[in-house]
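Let's take a friendly walk through a protein structure, one part at a time. Keep the picture beside you and look up each residue as we reach it.

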Amino acid sequence: MKKYILSIDQGTTSSRVVLYDNKFNICSIVQKEFKQYFPKDGWVEHDALEIWKDTKFLISKLIKKNRLNPFQIISIGITNQRETTVLWNKKTGKPINKAIVWQDRRTSDYCKKLKNFKKDILIQKITGLVLDPYFSATKIKWILDNNPKAKKILNENNLLFGTIDSWLLWNLTQGKSHLTDITNASRTMIFDSKKEEWSNTLLRLFNIPKSILPRVVENAYNFGTTRLFGGNIEIGGMAGDQQSATIGQACFNTGQSKSTYGTGCFLLMNIGNKFKSSSNKLLTTVAYKIKGKKMYCYEGSIFVAGSAIQWLRDKMSFFKEANKSDLLYSKANLEENITFVPALTGLGAPYWEPNVRGAIFGITRNTSKEDIIKATIDSLSFQTLDLIKAMQKDSKIKIREMRVDGGMINNNNFLQSLSNVTQIKIIKPKNIETTSLGVAYLAALNSGIIKNTKQIEKLWKQNKIANPKISKKKLTPLIKKWNKTIKVLITLNS
Ligand code: ADP
């Protein structure tokens, strides 16, 4: 009988479950969108119970659809939206609040206060992160301070915290495993990723009790067993979504990098086994720990990537489907030199200017929608270049090629633009489902189907390569113009 690995990919807007055969071919995918809650300006919440119910439903659906016997599933991997915070009562199994999502900015003022006390320096030293509401720590504190039930449940010793990985695992194992993996832990802003332990200093700073925290383990591990689907199925792999994609892209060597272009863009570069803080506003996080070997990466994110394409589609009505942007790009007038900074929700790394908003510069009587589409797509190449420059400065390693994935890389003009502007080789892999693939590999490593990361490197196959096709002479003035535009925009908004 054929054997399979099942990947749970719990994202920000939808949950997916992907079935892989033991050669890591995708056999089946099921997906469900779930509700987003925006109770106040800047607040974003999810119903953790809905997420769990959807996940359980999707696993059952996949098993049924493929007529699987549960013993055919060798192992389960879990990858997830990172930082999103759940606090629950272990007695009732119910969350005590809506989950506070990574995008939620309700703790901005508190973070500013901490910054005034220079706590950002301490935080970066211990966690590698830039002090920001994005990470779990201030979200946990907010729930503890604002939910009157929290204290009582805590005093009864029934309160638990977890990011979505822990929450799903705890439910899958019916309360037996309260664990998280090192990549998810490294996004909480209370985890010392050098010492690999919860930081007592930061727990004191945020007034978070240690008793609510999950135990932190490696990425390929015996996380527990689920008995909810008619047999005993092991959960053997776990990692945050971007780290999982880094594993799915087989970036196991120092200097290798991957960039995912979905709603937002996340560029991660493997920097080796030594923790290094960034001087250029990048994050240092754990890339993975497999069989005792821990690797770190620098991470930079662009808040608006594919969502800029959605904006052109939905608000500008420039096209009906995102893939039409590719053809329209080809029709742009190359004389029309406009620059678009699509900072629709602020600028991420390496600028960290959340209050800046977008602008288009250089519009003439001739500017057409095709020109604006081209400028939007090119802007992601320029923003990627800025991230690459910051990573090279911090790591002193030259990036020569980059592996890419995510919805936007279906756009061939984007691939070429990315290579032209960054002047490096851009490689699209055969399987672009790298997020779910990463934890499938981890689960396979734990169950012994895969022996080591070298084997994963061999499984990784390239599909398409873009090499630079523009001369440096032509490119230099364009980069100068981009840099000037960013400066002007930041000054305008300050
Ligand atoms: P996420 O995982 O964040 O939901 P995906 O990786 O599924 O994102 O990618 C979806 C995004 O990619 C959307 O924002 C969409 O606008 C964009 N996209 C999809 N196809 C194309 C294309 N051919 N050209 C440009 N953008 C695209």
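Trp-352 is found in the loop between E20 and E21, where the names follow DSSP runs counted from the N terminus: helices (H or I) have at least four residues and strands (E) at least two. This is a predicted model, in which local features need pLDDT of at least 70 and side-chain atom pairs count only at pLDDT 80 or more, while totals for chains, interfaces and linings use all residues. Residues are numbered from 1 along each chain as its sequence is written, and side-chain values use heavy atoms, with hydrogens and water left out.

Although Trp-352 is not a glycine, its phi is positive, about 50 degrees. Is Trp-352 buried or exposed? With a relative accessible area of 15%, Trp-352 is buried; the word means under 20% relative accessible area, with exposed being over 50% and partly exposed in between, using a 1.4 Å probe and protein chains only. The loop between E20 and strand E21 (359–361) also holds Pro-350. A cis peptide bond joins Ala-349 and Pro-350, with omega at about -5 degrees.

Another residue with a positive phi that is not glycine is Gln-423, at near 60 degrees. Look for Gln-423 in the loop between helix H13 (412–422) and strand E23 (425–429). Its relative accessible area is 25%, so Gln-423 counts as partly exposed.

Now turn to a sheet. Strands of a sheet pair through backbone hydrogen bonds, either parallel or antiparallel. Here, seven strands form an open sheet in the order E18-E19-E17-E16-E22-E23-E24, and the pairing is mixed; two strands pair if DSSP finds at least two bridges between them. Strand E18 (283–290) and strand E24 (462–466) are the edge strands, each pairing on one side only. On average, and ignoring direction, neighbouring strands of this sheet are turned by 30 degrees against each other. Such angles come from axes, which are lines fitted to C-alpha atoms (for helices over the stretch in contact), and run from 0 to 180 degrees between N-to-C directions. Helix H9 (residues 241–248) packs on the sheet and touches strand E16 (257–261), E17 and E18; contact means heavy atoms within 4.5 Å. The direction of H9 makes about 125 degrees with that of E16.

Let's follow some of the strands. E17 (residues 265–272) and E19 (residues 293–302) run antiparallel and are joined by seven bridges. Gly-272 has Tyr-296 in E19 as its bridge partner. E18 and E19 are also antiparallel, with seven bridges between them, and here Thr-284 is partnered with Tyr-298 in E19. The hairpin of E18 and E19 has two residues between the strands, and in it Lys-291 takes a positive phi near 50 degrees. Eight of the eight residues of E18 are buried.

The whole structure has 15 aromatic pairs, meaning rings of Phe, Tyr and Trp (its six-membered ring) with centres within 6.5 Å; planes under 30 degrees apart count as stacked, over 60 as edge-to-face and the rest as tilted. Phe-252 and Tyr-288 form an edge-to-face pair, 5.5 Å centre to centre with 80 degrees between the planes. Phe-252 is in the loop between H9 and E16, while Tyr-288 is in strand E18, 36 residues apart. Elsewhere, ring pairs link Trp-88, Trp-167 and Trp-170 into a cluster.

A nonpolar core is a set of buried Ala, Val, Leu, Ile, Met, Phe, Trp, Tyr and Cys residues joined through side-chain atoms within 4.5 Å. The largest has 102 residues, and those with the most contacts inside it include Phe-24, Phe-206 and Met-402. H12 gives the most to this core, with nine residues. Apart from it lies another core of 35 residues, among them Tyr-4 and Trp-170.

Helix H12 (residues 369–395) has 22 of its 27 residues buried. At 1.5 Å a residue, its 27 residues should span 39 Å, and the end C-alpha atoms are 39 Å apart, which agrees; the expected span is 1.5 Å times one less than the number of residues. Just after H12, Lys-396 takes a positive phi of about 60 degrees.
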